[in-house]
Amino acid sequence: MISNSNPYNEYFDCLPEDFVGRRDEIWKIMNVLARPSGQAHLEIKGLPETGKSRLISYIKYLLTPEKSPSLKKRDWQTKIAEKYTALNCNSMFVVQVSFSQIPFGMHPFQYLYNRFHETYKDYLSFERLIKHQYPIIDYQEKFRSVDEIIRKLGSEISILNERLIYSVLLLDDFDKIFANQIVSKQEVNLLRSIRDQVAIILFTEKSLSKVNPDASSSPFFQSMPAESLSSLSEDEARKFL
């Protein structure tokens, strides 16, 4: 495992009472999610301890109506609800992946696939299956290659798209999988096959070009805008404390 010290990993939600500020960043992310397929991508860069994981956990909370029953009570939360209509989808399926949590020896894309299925298993309920005919997706435990992992993931995302379920991948600590050549440029290129089917928000601490210049030159990153996570304002910092 790369690291396991961040409390705001994929298994914990950041609730409104635990979150302060970041209004501009939230708006930017929501606007990106409303873009047409193939354009809903963004990289957010921030130094350690600037609240990236807290932000990504809060975004997941906001995009999950069951967890956020007061979704329409705030102005920008109302905007989130409008995204569903703009995207012509029944719902959003939000997957948070903290790459700092990867078990030792597991390929990052296998971990991505596992988290996709863990989240979907939690996402399903009897009510959803009956009312919206959500598909049951079979989990595949072993793969012969990284290419097979991505092809399987892509086919399952396509199944959800056919049911108007829009997948959103929130990928935290994405830069860490580039360290020590864990992921190659050729493997990153495989992600292009799913890029046009999902929304992808990357969160990084270090510039990918500095961590792994070869892999960061992958066409997967072409035309992907990047934003820097600003510091909290003095008033926001005071509220946070």
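Helices (H or I, at least four residues) and strands (E, at least two) are DSSP runs, and I number them from the N terminus.

**Entry 1: ground rules.** I note that this is a predicted model, in which local features need pLDDT of at least 70 and side-chain atom pairs count only at pLDDT 80 or more, while totals for chains, interfaces and linings use all residues. Residues are numbered from 1 along each chain as its sequence is written, and side-chain values use heavy atoms, with hydrogens and water left out.

**Entry 2: the sheet.** I began with the strands, counting two of them as paired if DSSP finds at least two bridges between them. Five strands form an open sheet with parallel pairing, and their order is 2-3-4-1-5. Strand 2 and strand 5 stand at the edges with a single partner strand each, so one side of each is left without a neighbour in the sheet. For angles I used axes, which are lines fitted to C-alpha atoms (for helices over the stretch in contact), with values from 0 to 180 degrees between N-to-C directions. On average, and with direction ignored, neighbouring strands of this sheet are turned by 15 degrees against each other.

Entry 3: For burial I took buried as under 20% relative accessible area, exposed as over 50% and partly exposed as in between (1.4 Å probe, protein chains only). How many residues of strand 2 are buried? I find eight of its eight residues buried, with Ser91, Phe93, Val95 and Val97 on one side and Met92, Val94, Gln96 and Ser98 on the other. Strand 2 pairs with strand 3 in the parallel sense over eight bridges, and phenylalanine 93 has serine 167 of strand 3 as its bridge partner.

In helix 1 (residues 23–33), the residues Glu25, Ile26, Ile29, Met30, Val32 and Leu33 are buried. They lie on the same side of helix 1, because they cover an arc of only 160 degrees around the axis, the arc being that of the directions from the helix axis to the C-beta atoms.

**Entry 4: aromatic pairs.** I counted rings of Phe, Tyr and Trp (its six-membered ring) as paired if their centres lie within 6.5 Å, with planes under 30 degrees apart called stacked, over 60 edge-to-face and the rest tilted. The whole structure holds nine aromatic pairs. One of them joins phenylalanine 93 and tyrosine 120, whose ring centres are 5.2 Å apart and whose planes stand at 80 degrees, so the pair is edge-to-face. This pair links distant parts of the chain, since phenylalanine 93 is in strand 2 (residues 91–98) and tyrosine 120 in helix 4, 27 residues apart. Phenylalanine 93 is buried at 0% relative accessible area, and tyrosine 120 is buried at 3%.

Phenylalanine 178 and phenylalanine 221 make a tilted pair, 6.0 Å centre to centre with 50 degrees between the planes. Phenylalanine 178 lies in the loop between strand 3 (165–172) and helix 7 (185–190), and phenylalanine 221 in the loop between helix 10 (213–216) and strand 5 (226–228), so the pair ties together parts 43 residues apart in sequence. Both of these phenylalanines are buried, and ring pairs link Phe99, Phe174, Phe178, Phe220 and Phe221 into a cluster.

**Entry 5: salt bridges.** I looked for a side-chain nitrogen of Lys or Arg within 4 Å of a carboxyl oxygen of Asp or Glu, and the structure holds five such salt bridges. Arginine 115 forms one with glutamate 118, the closest N and O atoms being 2.7 Å apart. Both residues lie in helix 4 (residues 108–123), three residues apart, about one turn of the helix.

In helix 6 (residues 146–162), arginine 151 and aspartate 147 are four residues apart, about one helical turn, and their salt bridge has its closest N and O atoms 2.7 Å apart. Aspartate 147 is partly exposed, with 31% relative accessibility. Lysine 152 and glutamate 156 meet in a salt bridge of 3.2 Å, N to O, and they too are four residues apart in helix 6. Glutamate 156 is buried, with 1% relative accessibility.
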